[in-house]
Amino acid sequence: MSHTDTATVDPPPLHVASRLHAFNRYELKYLVPVELAAELRDELGERMDRDLNSPVGGYGVWSLYYDSPELRFYWEKIEGLKFRRKLRIRHYGDPAGVTDESPVCVEIKQRVNRVTQKRRITLPYATARQLCDGRELVEHSPRERAFVHEVLDLAVRLNLRPTAMTGYQREALVGRAADTGLRVTFDRRIRGRDRDFHFGQDGAENRFTVPPHLSVMEIKVNERTPHWITDLAARRNLSLIRVSKYVQSIEAFGLAPRSVFHLAALEAGAQ
């Protein structure tokens with residue numbers, strides 16, 4: 001159910017749990033060959049646990065990114081603005097089975113200096129499309145009001161539209177004890193497309209946007225990176241890299257001039 005006038009929204013009782021989830025963290029990214037990624041995963045597994053939501057072999061992550069006709073969010077990333085945002089709809093798992101009722105996350109990911117902030121709400125896929133594509137106010141709880149209105153403001157004010165989709169297979173590890181704020185992910189088979197944006201689209205064609213022999217390793221922490229993680233990165237000669245899966249898709253499909261983030265440069269740097 002959707003509404004076009006805020007006055008017509010009947011908010012649920014205040015005791016209803018909000019679907020809004022928000023968190024801040026620091027992220028470090030490395031581009032590594034898939035064989036080395038497997039070794040690193042096994043070594044990290046000696047001090048970390050597999051995420052309960054991450055089965056053996058990992059799980060699919062698919063994201064539909066929205067941008068303005070001038071690719072405002074893309075250029076904010078390229079120019080390295082201290083404050084920048086992105087709007088996306090994200091689905092975890094196999095996109096082939098997605099229906100209007102399937103749960104997805106509407107998410108605003110933003111960067112404030114060195115801190116990555118994410119805010120998201122879980123909605124049925126059809127409702128998420130009403131909000132982001134239809135630019136209609138959807139039913140929400142009082143706690144979700146600010147977020148829903150922020151999504152609407154961005155979509156209307158910047159004339160946002162579906163621009164690129166990314167997909168990859170992710171394996172995730174989480175820290176133990178004193179490292180409970182630590183999370184390490186390995187993303188492989190990173191691909192995307194610039195059309196057929198429905199998650200459940202039959203026969204949609206994807207293209208690798210990062211060479212398939214490479215994996216993106218991300219270290220995510222709430223505050224400080226544990227010393228044993230930085231020691232591991234130094235011992236393995238890992239180099240930090242600025243890489244955005246959204247930017248990779250934009251450039252792979254020729255939607256904007258290629259920049260220093262282009263996958264050819266990434267591949268050369270990984271030799």
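Start by selecting L71: at 8% relative accessibility, this residue counts as buried, because the cut-off for buried is under 20%. What you have open is a predicted model. To get your bearings, look for the loop between β4 and α2 (72–78), where L71 sits.

Now check the backbone angle there. What is phi of L71? Its value is near 60 degrees, which is positive even though the residue isn't glycine. Most residues other than glycine have a negative phi.

Next, hop over to N237, in the loop between α5 (227–235) and α6 (245–252). Phi of N237 is near 55 degrees, again a positive value in a residue other than glycine. Is N237 buried or exposed? N237 is exposed, with a relative accessible area of 68%, because exposed means over 50%.

Time to go inside. Select L87, I89, V106, L131, C132, V151 and F199: out of the 28 residues in the largest nonpolar core, these touch the most other members. Then color the elements that give two or more residues to this core, including β5 (83–92), β6 (103–112), α3 (125–132) and α4 (145–157). Which one gives the largest share? That's α4, with five residues. Nonpolar side chains tend to be buried together in soluble globular proteins.

Zoom in on V151 and show its neighbors. Leaving out residues up to four places away in sequence, V151 touches L87, V106, I108, L131 and C132.

For the last stop, select L40, M48, V184 and I219. They are among the 19 residues of another core, which lies apart from the largest one.

Technical notes: Residues numbered from 1 in each chain as written. Predicted model: local features only at pLDDT ≥ 70, side-chain atom pairs only at ≥ 80, totals over all residues. Heavy atoms only, no water. Core = buried A, V, L, I, M, F, W, Y, C linked by side-chain atoms within 4.5 Å. Buried < 20%, exposed > 50% of the residue type's maximum accessible area, 1.4 Å probe, protein only. Helix = DSSP H or I, 4+ residues; strand = E, 2+ residues; numbered from the N terminus. Contact = heavy atoms within 4.5 Å.
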